[in-house]
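My entries follow the order in which I looked.

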Amino acid sequence: MLNKNPTVIELQSYISFQLSELNSKNKHHLFEDMCRHFARIRLCENILPATGPVSAGGDQGRDFETYKTYLSTTPIVNSLFLECVKENPIVFACSLNKQIVTKIKSDLATIFKNAPQLEHVYYFSNQGIPVAKRHDLEHFCKNNHQTDLTIIDRQALSEALSTVEVFWIAQEYLGVASDMFPKPKESSSVYDNYKKMWLDDSSLTPQTHADFQQIQFGLREARYNRNDLSDLPNWIKKMACFLSDNFSAEINRKATYEIAAAALRGLNNLSPQIERIKKYFSNIEDLKNTHELEDAVCLLSYCSKAHSLKHCEFDETLLNSWHSALTLQIERLLKENTKLGTPAYRAYLLMLRGQIELMFLGCLTNGDKEPKKLLKWWGKTIIEAKQAPFFPLERFSSVINLFIPLLGRSEAFIKLTKRVDELLGKRSSMKAVAENCRDRAMTYYEAENYLQAIRELQESKVNWFTSETLCGSLLAMLTIADCYRKLKLIPAAKYYAASTAQIAFDSNNNQIKDILSMALFLLSECFFEGGEWLYFMQSAQLALIAHNNYAENPLDPSKHEDLGVALSYFVKIKTLSERFFPEIAKQIEKQYSNWPIDSELREGINQLAKEDENIWWRTETKETIWRMMQNDLSARPFCELGKTRKITWNSLGIKWRIHFQNTYDRCVLAEYLAAIIQIILADIANIDLCLLPTIVDIDFDLNDSNKINIEDKPDNFATSLRVTLPKTHMEHISHPDKTATERESEVVALALHILCKCSMLPDDRCNTLLAKKIKNGLLNKVFNGMPHLECYQSIIIPREQAEEINASNYEPLNSGLEFQSIEVVSLRWNDRHGYGYSTSLAKKFLKNRYTKAIRPIRLTLKIAIKDTTFKAFLNELKNEGYLDWQILLIILNEVVNYRTRERAVTNIQDQIAFQKVIMNREELESDTKIPIDTLLHNLRSQKNMKFITTFGAIAQTWKLVIKQVTPDVIAIKKLLDAKYGNSTDDIQHKEFLLDNSV
């Protein structure tokens, strides 16, 4: 749907925007009427409006009316309404004047000149008046007129009108859209009162806007609350009373909208409302107010969704006609208000125009339109909003967020949201930006777009990180940790969960302490999914201690989902270890005995284990269980055991492996490196570094120096490195030479260096892209509040706990079975066309290859293709998928190498010079002849390798760089094939297999 129930802040912002617009529309009388109705409900009941001069018929016999006529001859007659209290009246004044301080003083002089004895003066203004100026004016009135003055400015009115009792005033006089109806805190009691009034007494007939508001509330509560859903048909009947001719066309439209929304969202049946909806859309050209247009946009969205869900059979032609008519009406209003309308009004129209453009999103799926083009209207909205200080940006952002499931992966969409955040930060506060990022992040999270959720939450965390908003920041960090977990980036998830737990533990705020157990339970979940099951037992024990101390109703799995998850994981660990790993099962039981749970819960867990006798991990074979666990876990069960350890994960097409001796210091620093690499990988996933789909194999160790060392290891099937970190990095609290931040920066530089080795982009291009990421806050994501090493040693696995387990003394589980964890979809390799690729450029390169490759072998090939065996071999290559230009390069490569060998040149420089000459000219009769049988034998025996040797030249053509000392040729071929059309691109050319074509 295009709308949702707004937050109170969004509603107040919108009401403030509508109040500010009253000046441009010359709506002084409307403002006076609005304030009078508000005062009757909130201040006192017996209020009469200013009646005009005595000659117009004012009754001088009544004290109140008589008193009012004294003011009716003054210049501020249209700014007053009064109420009589005891002997002295209360005066109410209102103004749209922007020079409000001068205006109030002038009006007070007039008021007290004609009515010197007053009880109180209330002054309403649609301007925002700073508190200091309000206090000055109140003191001025008290000192000069001995009467109290209360000023109700735009902010106060916005807050007051966002409450349920007076919201109808905002709807009636300010045109607040129907879908912005606020939900009261105690809606059940309010609902019961309204239900008793309107449904229990069927004879009561609604007559006023206040009645509409009450019935609207009841209708919406019933459609959203399953317990009240049975009341919905009766609420619809009551709302239908407003469809009569006794009410205005505007009320008719509002009632139709409410009925249609309730019928679809509550009853899943819009069919009975078709005729009413047709009538609603029959006069779209009459709609001019933004709130009516917004209702129309939302109703059209409801109709579209009902049609797609088969909840109502609309004629698509009819839907399209309504869509076109509404589009034309908004564009007509935009055109009419290009110069005369206010920026705020135009911005609101543009926002609605953007919603209309995006309403039927089928065009996105078939590629008819790019998201960038679809979003142009919202881009224009931001331009206008910059000139409209009271345009409701929070509302605009909420509308945008509704399209995250459909557009959230589009870079154009993401850039648009950042522009909104930037303007919101300038206009409001960084806290507002943080809340906006948080809301957007949760929408991304629910849409399972965890990478973008992380980016939004990182911004939220940074903007929120103050003592006053620490809770919000910690919850953001906790959600980031969960996103990393779902992306199977376990070391990164553990770091964020542990950092959150550490900050919560150190905080003096008791309200934050509950986050401690949440973070620790998430940490234990990471241990389980990371295959570190003995460490899970210790982590869960720590989580249970915090849970017992700070959680409300502790040890109740029905009220604490994270507790229930931890207990279910324990049952799996207990069952599998008893079945396949008896030696470890004893250790599991020993740790379980230390868990701080009561006998009742312990008995429940034991009972749960017995009831699960037929579950898959009890009945399936070891091989089947192993295969099934590869879908759920990121590493083999009990992977922390053994004399050596390995941290593995799959991201961006790369299989990462960090292996090391299983000692505490090496485990800490290896996971430290892994966490930093993973955080960087998640951040760069939206840019194309042209990464090789290779294996990064890191032989990790510690050194006695004060420097990080990295060296290449020869390997044609992986990017193999030996990396050593200084042992002094374990001194996380103090160090004679470097701070923790400096050491972390060195490890970040190391991670980026490894990443660059896997990239085929030129260094300058690669560095530019990474520098932009650093500028946009990459380091803030790597350094998460608490130093990683401190988190590891105090929260993740303290040294004494690791020594208690003594993991290196055990043999790993199923060490002979390979464990392959699945790759998360959003972190798969980018196989789209790469940097610098274009179809026209590819054709140009192919033309050059055909032209240049044939020249040095023309005579040889002319002879060879007359040989039937050789010709059969060429056909074999074509049947295997080799393209003609590839076959030419294979033959060229072999001919050049043969002639170089025959020349017997030993000096490498001379060899290169010789090859350069013969490769760039026509073949001569005097050139060394290669026997056809020799050529065929060499080509047949090493045809793949002959082609592979051309990869360097092909990569260089696209300005790519091979950075490994011993290239991973399989990975290079895969990259060139996928991103540069290496095995698919071709052009029309002469068929060189024909005897007369060479």
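This is a predicted model: local features need pLDDT of at least 70, side-chain atom pairs count only at pLDDT 80 or more; totals for chains, interfaces and linings use all residues.

Residues are numbered from 1 along each chain as its sequence is written, and side-chain values use heavy atoms, with hydrogens and water left out.

Entry one. I looked up the salt bridges (a side-chain nitrogen of Lys or Arg within 4 Å of a carboxyl oxygen of Asp or Glu) and found 43 in the structure. One of them joins Glu529 and Arg485 at 2.5 Å, N to O. Glu529 lies in helix H26 and Arg485 in helix H24, 44 residues apart; helices are DSSP runs of H or I with at least four residues, strands are runs of E with at least two, and both are numbered from the N terminus.

Entry two. I found Arg666 paired with Asp701 at 2.6 Å, N to O. This pair links helix H33 to strand S8. Arg666 counts as buried because its relative accessibility is 18%, where buried means under 20% relative accessible area, exposed over 50% and partly exposed in between, with a 1.4 Å probe and protein chains only. Arg666 and Asp701 also belong to a salt-bridge network with Asp699, Lys713 and Arg722.

I looked up Lys574 and Glu578, whose side chains meet in a salt bridge at 2.9 Å, N to O. Both lie in helix H28, four residues apart. Lys574 is buried at 14%, whereas Glu578 is partly exposed at 42%.
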